[in-house]
Amino acid sequence: MSVALVDVRTVLERVLDPVTGVSLSRAVKDTQIQIADGRVSVQVVLGYPAARRFESLRSLLLEALQAAGISQADVTISSKIIAHAVQPGVALVPGVRNIIAVASGKGGVGKSTTAVNLALALQAEGARVGLLDADIYGPSVPTLLGVSQRPDSADGKTMSPVVGHGIQANSIGFMISEDNPAIWRGPMVTQALEQLLRSTNWDNLDYLIIDMPPGTGDIALTLSQKVPVVGAVIVTTPQDLALLDARKGLRMFEKVNVPVLGVIENMAIHVCSQCGHAEHIFGEGGGQRMADQYKVAWLGALPLSMAIRVGADAGKPTVLSDPASEAAKLYGEIASRVAAKVDALPKDLSDKFGVIAVKRT
């Protein structure tokens, strides 16, 4: 059988990426298709991390090629994470390709636990990931990652991130004792956060997850305006009180031109560990209705689980401590959807243009 480029393209058009629902042809350039002596070689390069999905995707594509009569085929799957566009006029952070804000608008909805597990899930798929704790008044990242040492500084001006479970992290919690409150006013907090972000020597990160402070006040607003964020994820619980504040957080990002990647509903359902009875303690479907209302992606729901809480308190989040659990799988699916949403955003073209200077003549 004589095989042409158009034949391979036709097959690629029919095979959908299970994460994005988009044709795999988007991830293959013509130069990544080689045809010689009837043998076809295809290189698929995904724009999001998916190391644990490579083999299943490869098998899916091989089956499609064989079904189309292309029996001699080689398929390789890989990922390449590139930088995406941020708010105009905001300086980029060296060593970081993409910054994702995880926000809630309200405390107590499990935002920090969600942020840490998403970071670990992205890492498990092959990404280089960092985590910045932006909650000066209630830092929780040190506890969640199970690390407590102070960041090292070789030059007295910048600092190395603290590494916990392979995640590069920084937090004011690494610099003050657990029972020592940060009694600072807004401008001091904003300055401290900018220093944590820009004075940390982040090392070649694909994603930096920022665990945002609760609320939509000066601190959150200033961060949204001064931090080069590619997109934001909103975490809520199903009940109306949480949704009221989550809506405010979502609208805040819209007002400062930060794309909202989607909504995660935490504590969506509780399954009794003794009898297996499932109950929607905080209501049902509120997060999805909110996503539909504001026309943003519904990223998924997470359970109210004692195991998640115990792992978080012990510094061993669920994705790490129980990777085969249903909760860990849910975190993994949500993390993949978040990364795929980032991949669909406009690319960062700042390095394609030189410095433009306007002079008075």
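Trainee: Which strands does helix α11 lie across, and at about what angle does α11 run to β13?

Mentor: In this predicted model, α11 spans residues 326–343.

Trainee: What is the strand order of the open sheet, and which strands are its edge strands?

Mentor: The open sheet has eight strands with mixed pairing, in the order β6-β7-β5-β8-β4-β9-β10-β13. From one strand to the next, the twist averages 25 degrees. An edge strand here pairs on one side only, and that holds for β6 (162–164) and β13 (298–301).

Trainee: Where does helix α8 lie, and at about what angle to β10?

Mentor: Helix α8 takes in residues 286–293. It lies across β9 (231–236), β10 and β13. To β10, α8 runs at about 160 degrees.

Trainee: How do the axes of α7 and α8 cross, and is the crossing left-handed or right-handed?

Mentor: Two packed helices are described by the angle and the distance between their axes. For α7 (residues 240–255) and α8, the axes come within 11 Å and cross at roughly 35 degrees. The crossing of α7 and α8 is right-handed.

Trainee: Which residues of α8 are met by α7?

Mentor: From α7 come Leu 243, Ala 246, Arg 247 and Leu 250. The residues of this contact divide into four nonpolar, three polar and one charged. On the α8 side they meet Gly 286, Gly 287, Met 290 and Gln 293.

Note on methods: Residues numbered from 1 in each chain as written. Predicted model: local features only at pLDDT ≥ 70, side-chain atom pairs only at ≥ 80, totals over all residues. Heavy atoms only, no water. Pairing = 2+ DSSP bridges. Helix = DSSP H or I, 4+ residues; strand = E, 2+ residues; numbered from the N terminus. Axes fitted to C-alpha atoms, helices over the stretch in contact; angles between N-to-C directions. Contact = heavy atoms within 4.5 Å. Left-handed = near helix turned anticlockwise from the far one by under 90°. Nonpolar A, V, L, I, M, F, W, Y, C, P; charged D, E, K, R; others polar.
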